[in-house]
Amino acid sequence: MRKRQRSILLIFIILSFCSLIVLISAVNYLFSPSYQSKKVVEAFYTHEQIGHFAESWELLHPYMKDRWSKEQFMADRYHVFIGHFGTDTFQFTIEENSEVKDWKMAEELQPFDVAYKFNVIQTYEGKYGKFSFLQEVYVVKEEEEWRILWDYN
């Protein structure tokens, strides 16, 4: 009987230890820069997907916001994707990310120590048929917030 109690206790200890390791790993992953940066890309394209261009603009890095006003960005995105392509929405996939060191958005700007690069594929079905766009998207931390940039080199 004692041997059986020790076996049950040992199994309980092993399962508890394994559960603790899985929990720590999951928490570590959820707070990793890689995961958090991907969530920003998902949020950006989800806003774009439903036509909420003002919300997607808010996720852009200040360097990107310097390129267009909010109103100009919203008008351009609506005009190109909904107006020209004749589509109401799109599907998107995000390919796995890679960490890029000393990346620059444009030649004249200072490099970022670390950026996370994603390839986003947007698939449209519009008046001209089905087509896809591939865009390289970079995410950097700016004042404790993850922000989106595009490559202008």
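**Note on the aromatic contacts**

1. Trp146 is buried, at 11% relative accessibility. The ring of Trp146 pairs with that of Tyr116: the centres lie 5.8 Å apart and the planes stand at 70 degrees. Over 60 degrees counts as edge-to-face, so this pair is edge-to-face.

2. The mean pLDDT of the protein chain is 85. Of its residues, 88% reach 70 or more. Strand β5 (residues 145-149) has the highest mean among the elements, 96. Helix α1 (residues 2-30) has the lowest, 65. Where pLDDT is low, predicted coordinates should not be read in detail.

3. How many aromatic pairs does the whole structure hold? The search finds 14. One of them joins Phe90 and Phe92, with ring centres 6.3 Å apart. Their planes meet at 55 degrees, so the pair is tilted. Phe90 is buried, at 5% relative accessibility.

4. Phe90 and Phe92 also belong to a cluster linked by ring pairs.

5. The charged end of Lys65 sits over the ring of Trp57, 4.6 Å from the ring's centre. Arg67 lies over the face of Tyr152, and here the distance to the ring centre is 3.6 Å.

Definitions and conventions
Residues numbered from 1 in each chain as written. Predicted model: local features only at pLDDT ≥ 70, side-chain atom pairs only at ≥ 80, totals over all residues. Heavy atoms only, no water. pLDDT = per-residue confidence, 0-100. Helix = DSSP H or I, 4+ residues; strand = E, 2+ residues; numbered from the N terminus. Phe/Tyr/Trp six-rings, centres within 6.5 Å; stacked < 30°, edge-to-face > 60°. Buried < 20%, exposed > 50% of the residue type's maximum accessible area, 1.4 Å probe, protein only. Lys NZ or Arg CZ within 6 Å of the ring centre and 35° of its normal.
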